[in-house]
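Trainee: Hi, could you walk me through this structure? I'm new to it.
Mentor: Happy to, let's bring it up first.

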Amino acid sequence: MRAVGRWLGERWITIGSPLTVLVLWEWASATGLLRAVFFPRPSTIAGHLRDLAMDGTLWGHAATTLVRIGWSFSLAAILGVAIGLAMGLWRRLREGLDPVFAVIYPIPSVLFLPLVSFLVPPGEIALVVTTAVTSFFLIAFTTTHGVRQIDRLVVEAARHYGARGWRLFAAVLLPGALPFIFTGLRLGLGFALIVVVAVEIVSASRGLGALLWLSWQVLKVEDMYATFFVIALLGALLSYGLAALRARLLPWVPDAGDR
Amino acid sequence: MALDRISLQAHAGEFLCIVGPSGSGKSTLLRVLAGLHRQSAGDVHIQADRPGTPLTAMVFQEHALLPWRTVRDNVTFGLENRGVGRAEREARAREMLAMVGLARFAQHYPHQLSGGMKQRVGIARALANDPEVLLMDEPLAALDAQTRTIMQEELLRIWATLGKTVVYVTHSLEEALLLGDRVVLLTARPGRVSQIYPVDLGRPRALEVRASPAYGALLEKIWSRLREEVVRAMEADRGVDPEAIGG
């Protein structure tokens, strides 16, 4: 009981601020200050969320989106870390790829969908590849930087104590880059969710993005908000999950309050 | 050119201190000895009595520990790279960590240690490799004054226990007189050997030596010479760039 009390004592702002917003929203919609057609009361939305969960609609769409994120993120992570490491280690490769990446990276990911559809089978695969593009760049950038920022003195000391070749990579360069790789993975996972929803809105009939867009088009505003909420929750869970994984796997990184 | 015609010989088991003004190439000399820096001319000879152990092991000024390795795994790093077996590595780490007073911190990570403790790990790491010559590049320069004093006593104790040959670079003349058997004074850029002073202050030596008249006389004698070199170095800097005085 005291532990719960202390936990509440430390986190009351974190818990209280979204609650305050919800209470204000509820009040504004109930009194007509907000038009309930566009801003239904949160309690009404919660009811719709429950219905969507009960009849299975929500789980089907959520599962579809999660599977897509899983494939996209895996693709982006494997290629991003591998190419990022290579760019960090070899200057020539970095100089060659940097300008190409700089040009492609800022293009909104959804615009790649038609292009990707020419290159790979359209449909599910094109969707997964498109979603992976932005995440790949983020992960590759941070990984490259992770290798580059390793303290030269530490590398020199490691060489002085006999680390060469593969051993230098595995015992020094890779662990030295890992905190940045994790940051890249966390950003990449977040963007995978953002982009997959966007791509689902423009091109899919299933998935949370599709559900959200469909709800809006038939003016089932409560369902739209319910989906909104689920997407937000999913993003928070994925991000916190990776942060927790990082804390477990990288015990040497001082806790900078980064949760 | 950082160094010019350096000719130096350290005896086995000697504690040799190198002092000189900033930019006299003290650190460069040490890096040449460590094989971290290739000299443009000249040779380094180190007599190796025991095959299989490295010739030199360096204690770096900024400790340069691997942040992702525990204290123990930092100490065993060199042994690991040479393929020494696990049991022997861990026994050696235990021994060296006990020697520097960090036995209880074997499983800590560097970021959990204070500056003085990190430098102790750096010393244990170097000693674990059992080098012919221990090289130390201003190892206490980054520590606060009190920690530095404690560490100087520790160094004297460890050196007395192990009897290693040590080449020790410092900018502190007081430290050189407290620790060294001989003090080598380098000139301002390019670094040449200006003078070599034997430190006849007896052994074992402790902090109290600083109160003795012989210490004061020797300090005065070396300082008057070092002072000239420091002033010369500052004037040379001024010649290059009038803005950068006293840097």
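**A first walk through the model**

Mentor: Reading chain A from the N terminus on, its elements run α-α-α-α-α-α-α-α-α-α. Helices (H or I, at least four residues) and strands (E, at least two) are DSSP runs, numbered from the N terminus.
Mentor: This is a predicted model, where local features need pLDDT of at least 70, side-chain atom pairs count only at pLDDT 80 or more, and totals for chains, interfaces and linings use all residues. Residues are numbered from 1 along each chain as its sequence is written, chains are lettered from A and ligands numbered from 1 in the order in which they are written, and side-chain values use heavy atoms, with hydrogens and water left out.

Trainee: How many helices and strands are there in chain A?
Mentor: Chain A has 10 helices and zero strands. Its C-alpha trace spans about 70 × 60 × 30 Å along the principal axes.

Trainee: At what angle do α3 and α6 of chain A cross?
Mentor: Roughly 35°, and the axes of α3(A) (residues 57-89) and α6(A) (residues 124-148) come within 6 Å. Axes here are lines fitted to C-alpha atoms, for helices over the stretch in contact, and angles run from 0 to 180 degrees between N-to-C directions.

Trainee: New topic: how many residues of chain A are in contact with chain B?
Mentor: 18 residues of chain A are in contact with 23 residues of chain B, where contact means heavy atoms within 4.5 Å.

Trainee: And what area is buried between them?
Mentor: About 1800 Å², with carbon and sulfur atoms giving 66% of that. Buried area is the accessible area (1.4 Å probe) that two parts lose on being put together, summed over both. On the chain A side, H160(A), Y161(A) and W252(A) lose the most area to chain B, together 41% of what that side buries.

Trainee: Where is the lining of the second largest pocket from?
Mentor: α1 (2-31), α2 (42-54) and α10 (221-249) of chain A each supply at least two residues, and α1(A) gives the largest share, nine residues. A pocket is an open set of points on a 1 Å grid over the protein atoms alone, with protein on both sides within 12 Å along at least five of seven lines, while a cavity is a set where a 1.4 Å probe fits but cannot get out; lining residues have an atom within 4 Å of a point.

Trainee: Which classes line the second largest pocket?
Mentor: 18 nonpolar, one polar and two charged residues.

Trainee: And which residues are closest to the centre of the largest pocket?
Mentor: L8(B), L33(B), D43(B), V44(B) and H45(B), out of 40 lining residues. By class, that lining has 19 nonpolar, 13 polar and eight charged residues.

Trainee: Which element gives the largest share of the lining of the largest cavity?
Mentor: α6(B), with four residues.

Definitions and conventions. Ala, Val, Leu, Ile, Met, Phe, Trp, Tyr, Cys and Pro count as nonpolar, Asp, Glu, Lys and Arg as charged, and the others, Gly among them, as polar.
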